[in-house]
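Please keep the sequence and the structure in view while reading.

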Amino acid sequence: MLKIKKSNLDKLYAAISERQILYVPCNVAGKPNFAVWGEGADVDLVSLKTVKSAKEVFFPQCEDIASFRKEGKNISVKSEHKESGDFVVFGVRACDCKSFDILDSVFLADPVDTFYKTKREHGTVITLACSKPEETCFCSAFGIDNAEPEGDIATYFAGEYLYWSPKTEKGLNLTKTLNSLLQTATDKDNDALEKEQKKIKEITGRLPLYVLDLSYWEADDLLEKFNSEKWKALSESCIGCGACTFVCPTCQCYDVRDFDKGHGVQRYRCWDSCMYKDFTMMAHGTPRPTQMQRFRQRFMHKLVYHPSNHEGVFSCVGCGRCVEKCPMHINIVKVIKTFGGDDK
Amino acid sequence: MSVEHESFKPTIVAFCCNWCSYAGADLAGSGRMQYPANVKIIKVPCSCRVNPTFVLRAFQRGADGVIMCGCHPGDCHYSTGNYYTRRRMTMLFDFLDFLGIERGRTRVEWVSAAEGARFASVMNDFVKNVTELGPNRKITDLRTKPEHKEGE
Amino acid sequence: MQKVAEIAQKRAIQLLNQGVVNRVIGWKKGEFGYDETPAVFTTAAGIEDFRYDVFSAPNLSKYLIDESKKEGKILAFLKPCDTYSFNQLIKEHRVNRDNVYIIGIECGGMADINTIRNRGAAGVTDVADNGQTVIAHTLYGDVTFDKNEVLLEKCQACKGKKHVIFDELIVVNPQDDEPKNRFAGVEAIENMTPEERFAFWREQLSKCIRCNACRNVCPACSCLQCVFDNPRSGVASKASPDTFEEQLYHIIRAFHVAGRCTDCGECSRVCPQDIPLHLLNRKFIKDMNAFYGEYKAGEDSETRPPLVNFSKDDAEPSVISDKGGDK
């Protein structure tokens with residue numbers, strides 16, 4: 001276990017940035033989001049959650065994938081795939097870190113998404129334990145320990161220090177380059193850290209959504225869930241925006257679009273939302289014409305389809321962003337509670 | 001500043017109504033009155049045909065200035081079209097200013113079919129103003145620039 | 001407030017039992033006391049979950065576009081500002097007035113959970129409203145706020161406590177209609193230099209994630225197919241791969257609701273990135289008031305909005321741009 005004084009963090013950012021790009025939660029116009037660190041950046045490690053999750057670093061909202069150019073009678077096609085440079089993401093919470101596993105299970109399965117893969121290979125994830133969990137958090141329901149995050153390096157705030165614990169080879173390699181800034185933690189430090197973690201665990205145990213019964217979703221009765229009458233009432237007030245999907249760390253659907261540049265075509269992919277009317281639009285129209293169907297799709301995917309294709313792993317990490325951001329306060333917790341109620 | 005401007009030739013999009021302003025432009029042409037060749041005229045049935053998206057599209061795809069020309073108020077071929085244009089474009093252009101886009105890049109002028117000379121002088125003046133402002137960088141899509149190569 | 005909620009609840013049950021209406025649209029309690037969800041109640045028993053307090057902010061008028069076209073009459077509780085939106089929808093023939101029974105409900109201003117969070121109350125598990133103060137019960141202790149300090153932006157700039165359309169009213173504590181300056185925020189930006197204005201909006205709009213929450217919540221956005229969803233419009237895009245697209249989306253949206261926007265403030269309330277979208281709409285309202293006379297969209301259901309109207313002696317665009325400061 002290593003440590004660095006909180007007041008020295010700027011030096012740490014600068015040292016990392018010297019060698020590679022550093023993504024860290026920064027406040028821009030009053031909102032924390034992951035951004036590239038630069039001199040004078042307003043780093044925010046206090047806010048529990050960035051608006052958009054850390055998935056954006058590996059799976060950006062927009063990404064060019066190919067371009068076309070017409071020259072005479074020929075059309076040239078060029079892939080936009082590039083090998084990523086090494087980079088570091090710092091300040092990833094335990095839930096977001098877990099979401100990378102879920103994204104991996106989709107993007108790294110055959111056929112491999114090379115755009116995502118190269119970023120995963122070159123990115124070092126530095127996680128940060130949560131000091132002040134909030135009411136919207138329910139990561140515990142998915143077996144995530146917010147006080148003991150995974151990642152290449154796990155870090156923890158306690159007292160005056162940020163504690164630093166490399167977990168993988170990637171993490172160790174990065175740590176080596178920062179040796180001059182990091183000190184070895186003493187037994188006293190370890191005690192302080194243990195105390196802090198105990199405190200976090202105590203708060204986590206008091207979270208209103210700490211206990212969330214997911215047993216209904218583990219049962220194998222897909223059609224019963226699909227045909228349930230409950231979807232109608234649940235989805236009634238959904239306005240069909242994509243706020244929940246775009247802040248979600250595990251949503252991975254994207255659309256492919258072309259932009260006519262006037263002198264060629266840029267093909268890019270961008271996040272899509274199953275809440276939108278034109279989601280998976282086909283020549284015959286949309287397969288889910290009503291908002292109820294679209295709403296159901298989102299939660300069935302997270303709680304039924306994904307687990308049944310991926311060894312029972314739910315496509316939700318309980319970060320609570322959708323709980324916080326839905327304009328009408330509809331969210332996965334309400335869905336789970338409604339179904340997991342009396343008639344389970 | 002001026003070094004850049006000397007070589008800079010702005011792209012100007014002029015929306016001209018079929019009945020007055022376009023005829024005015026025609027007259028300017030047949031009367032051999034000089035106005036810069038970088039004014040691209042788009043003929044519309046009436047100035048009120050111009051949807052604000054058209055203006056934004058012009059800026060997106062490389063215009064450095066957009067000018068809206070129609071019949072003088074009261075002379076609209078369809079009686080009242082340009083009265084709506086007047087309100088609509090006042091609102092839009094003031095709004096673009098609110099977003100920090102230079103006011104000099106947008107203008108509304110009334111040019112009748114008989115005012116060939118006026119058409120030429122309006123265009124000369126507008127082009128001069130936009131040239132002074134320099135290239136439009138605030139409200140344009142960088143992907144449409146010729147220098148935008150794939151993946152850059 | 002609690003008394004108002006009780007009366008409303010009783011009245012809803014009464015109207016349902018009498019068969020005057022077959023559904024009730026109101027707000028339903030959530031998980032934490034601040035997350036009320038709009039809900040349609042069909043039975044008297046269901047109305048037990050009805051809530052009306054400082055977090056009943058969602059404007060129900062937009063739901064009435066669909067609800068008023070269904071079988072039978074629906075009872076809708078509308079706050080003063082919501083009634084403007086409803087009136088505007090009548091003007092645009094988007095709702096069936098005959099199918100809606102409107103109860104105008106008293107409003108003392110709605111609180112903003114984000115402001116409460118930003119002011120240091122993390123982990124809010126419940127909120128109590130004592131009229132003058134709002135107490136946030138959090139995982140880390142209670143925090144008390146002056147209610148006026150945690151109001152939603154739309155309520156800080158409240159345009160009046162008068163209901164402009166209703167079948168009956170529930171007003172227990174009549175409130176003063178003190179007019180507030182809605183345009184201070186717009187003026188502050190107008191007074192910046194063009195470069196400052198550009199930098200301000202560039203930073204704000206760069207946060208936009210194109211989730212469309214502002215559009216979908218907006219009662220004025222009632223198009224069956226939005227231009228941004230129409231693949232043939234040439235501007236449809238699901239994301240903003242270029243900064244231009246961020247501007248385009250918000251300019252077009254603000255312009256399209258100009259003259260029809262009732263300033264209900266829902267766009268700013270729902271924005272996950274806290275972009276002050278109301279400033280865009282208010283700029284249009286301010287300009288239209290200045291150039292074409294005072295106009296409040298939704299104040300009535302007949303008059304023509306300024307942008308589909310004209311007068312022969314309207315100000316010339318050149319005159320206005322001349323007086324508009326820096327060129």
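Predicted model: local features only at pLDDT ≥ 70, side-chain atom pairs only at ≥ 80, totals over all residues.

## Domains of chain C

## Where domain 1 touches domain 3

In chain C, 18 residues of domain 1 are in contact with 16 residues of domain 3. On the domain 1 side of this contact, the elements that give two or more residues are α2 (61-67) and α3 (80-91) of chain C, and the largest share, 9 residues, comes from α3(C). Sorted by class, this side of domain 1 of chain C has 7 nonpolar, 5 polar and 6 charged residues.

## A sheet in chain B

Chain B has an open sheet of 4 strands, which follow the order β2-β1-β3-β4 with parallel pairing. Because β2 (39-44) and β4 (106-110) of chain B stand at the edges and each have a single partner strand, one side of each is left without a neighbour in the sheet. On average, and with direction ignored, neighbouring strands of this sheet are turned by 20° against each other.

Strand β3 (residues 65-70) of chain B runs parallel to β4(B) and is joined to that strand by 5 bridges, while Cys69(B) stands opposite Glu109(B) in β4(B). Helix α2 (residues 21-30) of chain B packs on the sheet, where this helix touches β1 (12-17), β2 and β3 of chain B, and the direction of the helix makes about 115° with that of β1(B).

Notes: Residues numbered from 1 in each chain as written. Chains lettered and ligands numbered in written order. Contact = placed C-beta atoms within 7 Å. Nonpolar A, V, L, I, M, F, W, Y, C, P; charged D, E, K, R; others polar. Pairing = 2+ DSSP bridges. Axes fitted to C-alpha atoms, helices over the stretch in contact; angles between N-to-C directions.
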